[in-house]
Amino acid sequence: MSNEKKIRDLLARMVSMTPPPPPFPEETLTVTQRDEAPRRNPALIFGVAAATVVALALPLFLMNRDGQPLGEGTTTTTTLPETTTAPPAPTTTVPGSTTTTPDTSTTHPEELVAAWPVFFVQEPADDSGRPSLVPFVMYITDRDDVPFALVDSPEDMLVNLERLPLEIPEGFYSAVPEAVEIVDKEFERTSAGLNRVTLDMNEAFLDGAGGLLADFTMLNQLIFTALQMDIDEVVFTVGGEPVEQFGSEGISLVDPVDAASFRDELNPIVLTSPVTATETEYAVYGMANVFEATLAYRVADTAIEGFVTATCGTGCWGGFEFKIPRAGVPAGSFLEIFTHSAEDGSPMNTVRIPLDTAIPKLSGN
């Protein structure tokens, strides 16, 4: 599938998820793509509310459809629901004169510096023993006063979390140790037609995360986060050299890796994109490798529940998607996706997602 068709399909999907704008006063939001952006298509920039998604994403995708950096000074303007109005100034009435109250309404433009889906880890809720991966969109604006080099790709945002004013969603964490850094990145197209990113890491990367399962989880978190915007595979190097021994068990990372390389070390239910929301429903997309490809879902403490079938199962990974209504879902609700135990029917391999994160908010607001 060509990049152009992918873009059209993506935008069509985004449009289908977009509700009408809320009836709020408008504030101007300027989005600037800087010179130092890496050679990859921009992230799926979800706006402050879903209504701004297409306004933000369409110009950026069209201007960067070949994966090259955008030109200097390229900007897109949309609207942000939030206006700050100062209280009216006191006035004095003089007999025979006309009283004029100065217009003190002010707007505060806010520049969206970066918006990337970043994968986070959730510990298993049962005895399945495998952690889950779920992506959430993380936002940085100019009000956060963050150097662009820390957030110019989703994997940069991931390894710099401790230096960023971001809040990890409830029940999730990062398996990447704070000492791990990306020293350099290189993007290329291979002879097989694949888009590859080479991540040159620092020496701390070689130590892993402390134990074999933790090492696999760290690798999966980095790989899934990096494999976005048409990136097909990742190569890890340290000091420009291939990684022959990684982590506690000396895992070889000499060859390129992709989403399939270590995913069997994860919970067999993986969300592949952030949960999105319209005025009427939530949309969920993922992949699974479960018995008879059958998954169950429910919104905790509500009557909303159901089943969905992946495109493959019982030894193979297949995609799944489903939608649930927003009606009857109170604030603070959690979506649970799971399988049923063959022994007693109890939930297994549960992934628990806070649905409030499906409505993106700019950091600092």
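Which strand pairs with E15 in the antiparallel sense over 4 bridges? Hi everyone, let's work that out together. This is a predicted model, where local features need pLDDT of at least 70, side-chain atom pairs count only at pLDDT 80 or more, and totals for chains, interfaces and linings use all residues. Residues are numbered from 1 along each chain as its sequence is written, and side-chain values use heavy atoms, leaving out hydrogens and water.

The partner of E15 (residues 294-299) is strand E18. Strands here are DSSP runs of E with at least two residues, numbered from the N terminus, and two of them pair if DSSP finds at least two bridges between them. Within this pair, Tyr 297 faces Ile 337 of E18.

Now let's step back. Both strands belong to an open sheet of 4 strands, ordered E16-E15-E18-E19, with antiparallel pairing. Strands E16 (305-309) and E19 (347-354) are at the edges with a single partner strand each, so one side of each has no neighbour in the sheet. From one strand to the next, the twist averages 25 degrees.

On to E18, residues 334-340, which also pairs with E19, in the antiparallel sense over 6 bridges. There, Thr 339 sits opposite Met 348 of E19. The hairpin of E18 and E19 has 6 residues between the strands, and Gly 345 takes a positive phi near 80 degrees.

Finally, is E18 enclosed or open? Because 6 of its 7 residues are buried (under 20% relative accessible area with a 1.4 Å probe, protein chains only), E18 is largely enclosed by the rest of the structure. Thanks, everyone!

Terms used:
Axes are lines fitted to C-alpha atoms, for helices over the stretch in contact, and angles run from 0 to 180 degrees between N-to-C directions. Buried means under 20% relative accessible area, exposed over 50%, partly exposed in between (1.4 Å probe, protein chains only).
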